[in-house]
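Dear colleague,

I am handing over the structure below, together with notes on what was found in it. Please read the notes alongside the coordinates.

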Amino acid sequence: MTATTGRAGRREWIGLAVLLLPTLVLSMDMGVLFFAVPFISTTLAPSGTQQLWIMDMYSFLLAGLLITMGALGDRIGRRRLLMIGATGFIGASLLAAWSHDANQLIAARALLGAAGATVMPSTLALIRTMFHDPKQRQIALGAWGGILTAGATLGPVAGGLLLDHYWWGSAFLLAVPVMALVLLTAPALLPEYRATARPSAGRTPDGRFDLLGAALSLAAILPLVYGVKTIAVEGWSTLPAIAVPAGLLFAAAFVWRQRTAANPLLDLSLFRIRTFSGAISVNTVAMFAMMGFALFTSQYLQLVKGMSPLTASLWSLVPSVGVGAAVGISSALAGKVRPAVLMGGGFLIGAAGFAMMTQVGPHSPLALILTAAGVLAAGTVGTMTMTAEMVVSAAPVEQAGAASATSETAVELGSSLGIALLGAAGAAVYHHRLDGALPAGLDGEAARTAQDTLGGAVTVAAQLPGRLGADLLETTRTAFTDGLHVAAGVGGVLALGAALLAYRLLRHLPAAAPAPTPESEPVTA
């Protein structure tokens with residue numbers, strides 16, 4: 001990179017390819033597991049709550065540690081943290097692949113989330129460091145966003161291919177060679193960057209890392225999500241009822257700590273930049289709605305329609321056609337239409353997709369759910385590709401890691417809460433519909449397994465004589481689609497809310513204008 005022009009050269013573009021590798025792996029990791037859930041249910045026999053924790057623990061730890069790791073990367077070096085995370089991801093992937101019970105898999109997923117938290121903010125912050133020219137940075141960030149979308153699309157297909165030939169643990173091994181390649185190439189192709197300490201709100205930095213703030217950020221997220229999810233699935237009990245207010249208290253303590261610490265993990269003044277806070281708010285709501293519903297679609301194809309993982313994953317590619325078209329149209333219109341209008345329109349399209357999902361039943365034609373999923377994803381994904389540039393450009397370069405981590409924390413937290421809460425709502429409806437509705441003739445253990453998850457019901461039905469097994473499948477599949485309708489209704493309301501939020505918070509941005517810097521943009525409390 002030349003000092004006179006500030007434009008990136010060949011090394012920076014090759015380095016971008018290195019950064020896209022772990023981004024691809026992390027975006028694939030959740031989708032790969034979607035089609036493994038029925039196999040995990042059969043092999044490890046997790047309870048309904050354990051199954052949700054297997055899905056959610058990765059994202060919870062990722063969200064809980066992103067702010068900490070983003071600030072740590074700014075301090076010790078973004079490339080160094082990326083390599084530490086890649087090493088940890090390899091080890092945790094191997095542990096997850098050979099887990100012997102549900103609790104061990106949950107622990108491995110937690111380690112994967114912690115390792116992922118060191119990787120994600122480093123990739124986006126290094127792009128901010130490597131690409132100073134606004135047009136080049138926009139291209140690089142567009143590639144980063146495209147890889148996130150591609151990973152979400154390819155994850156289920158890769159998982160389906162592996163699960164069609166190997167055991168469920170093979171889905172976790174995809175990350176190993178990719179992260180190993182990152183470790184080999186990063187020292188030569190990626191620059192190191194450490195931020196210089198700067199005063200925050202008149203406070204003088206003392207050079208120490210805010211360990212208390214790091215602990216509070218994690219202590220705020222885990223109890224809150226645990227409490228809400230457990231109450232939704234299992235009903236009211238003492239421990240989760242205590243966990244919810246405890247999480248809220250820790251969240252308040254974290255905000256207070258960031259206001260008063262000499263070296264805060266997160267400079268809260270960033271949220272006074274309307275572009276920064278608006279993009280983060282919109283992304284959080286969108287990811288809650290979209291990712292919260294993705295698990296329903298994959299389970300519907302396998303457990304309701306009876307498809308193999310490979311067949312289901314290949315059919316799941318169909319909605320990606322709409323996503324690709326939406327991203328292309330959004331990019332083409334970005335120079336002519338204001339971001340608020342584009343994003344608001346996209347979320348209205350997503351709401352239409354959710355409305356279509358409420359019409360899906362156990363015997364609906366396959367085209368209905370695929371069309372609904374395509375409309376839903378096209379509307380939401382097409383809008384979110386525009387927000388990365390807003391977030392990264394709005395923050396000072398020395399705070400790029402923390403700003404990127406804040407954005408990704410919001411995205412991951414939205415995804416995690418969506419999967420947990422919409423999944424919990426669907427599970428609660430499933431349990432409620434089956435109370436007293438299971439066919440007569442089931443023993444107590446079989447009835448409990450069938451009422452716990454649809455995957456368990458399919459396993460039980462396969463061991464029953466003809467008519468009894470068919471009746472069980474019909475009853476449980478109907479209960480599952482009832483839960484799907486409730487989750488789709490909630491997702492549709494959230495998509496409408498995201499449309500209003502996008503227009504209100506980002507209507508000040510003109511078409512094709514770069515995101516203002518903190519020094520040039522008027523701020524609002």
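Predicted model: local features only at pLDDT ≥ 70, side-chain atom pairs only at ≥ 80, totals over all residues.

Residues are numbered from 1 along each chain as its sequence is written, and side-chain values use heavy atoms, with hydrogens and water left out.

The protein has 19 helices and zero strands, where helices (H or I, at least four residues) and strands (E, at least two) are DSSP runs numbered from the N terminus. Of its 525 residues, 55% count as buried, buried meaning under 20% relative accessible area, exposed over 50% and partly exposed in between, with a 1.4 Å probe and protein chains only. Among contacts (heavy atoms within 4.5 Å) between residues at least 6 apart in sequence, 83% join residues at least 24 apart.

Turning to the helix pairs, the axes of α13 (residues 339-357) and α19 (residues 466-506) come within 8 Å and cross at roughly 170 degrees; axes are lines fitted to C-alpha atoms, for helices over the stretch in contact, and angles run from 0 to 180 degrees between N-to-C directions. The two helices, α13 and α19, are therefore roughly antiparallel to each other, on a scale where angles under 35 degrees count as roughly parallel, over 145 as roughly antiparallel, 65 to 115 as roughly perpendicular and the rest as oblique. The residues of the contact of α13 with α19 comprise 17 nonpolar, five polar and no charged, with Ala, Val, Leu, Ile, Met, Phe, Trp, Tyr, Cys and Pro counted as nonpolar, Asp, Glu, Lys and Arg as charged, and the others, Gly among them, as polar.

For α17 (residues 444-452) and α18 (residues 454-462), the axes come within 5 Å and cross at roughly 140 degrees, which makes α17 oblique to α18. Here Ala446, Thr449 and Ala450 of α17 meet Gly456, Ala457 and Val460 of α18.

Thr476 is placed in α19 and counts as buried because its relative accessibility is 0%. Leaving aside neighbours within four places in sequence, Thr476 is in contact with Tyr430, Leu434, Leu438, Ala450, Leu454 and Ala457. Its side chain reaches the backbone oxygen of Leu472 at 2.8 Å and that of Leu473 at 3.3 Å.

Thr23, in helix α1 (residues 10-34), is likewise buried at 0% relative accessibility. A polar atom of the Thr23 side chain lies 2.9 Å from the backbone oxygen of Leu19. Not counting residues up to four places away in sequence, Thr23 touches Thr123, Trp144, Ile147 and Leu148, and its C-alpha atom is separated by 8.1 Å from that of Val119, 96 residues apart along the chain.

Ser99 lies in the loop between α4 (78-97) and α5 (102-130), and at 7% relative accessibility Ser99 counts as buried. A polar atom of its side chain lies 3.1 Å from the backbone oxygen of Leu95, and the backbone oxygen of Ala96 also lies 3.1 Å from a polar atom of that side chain.

Note on methods:
Polar contact = N/O pair within 3.5 Å; in protein donor to acceptor, adjacent residues only side chain to side chain.
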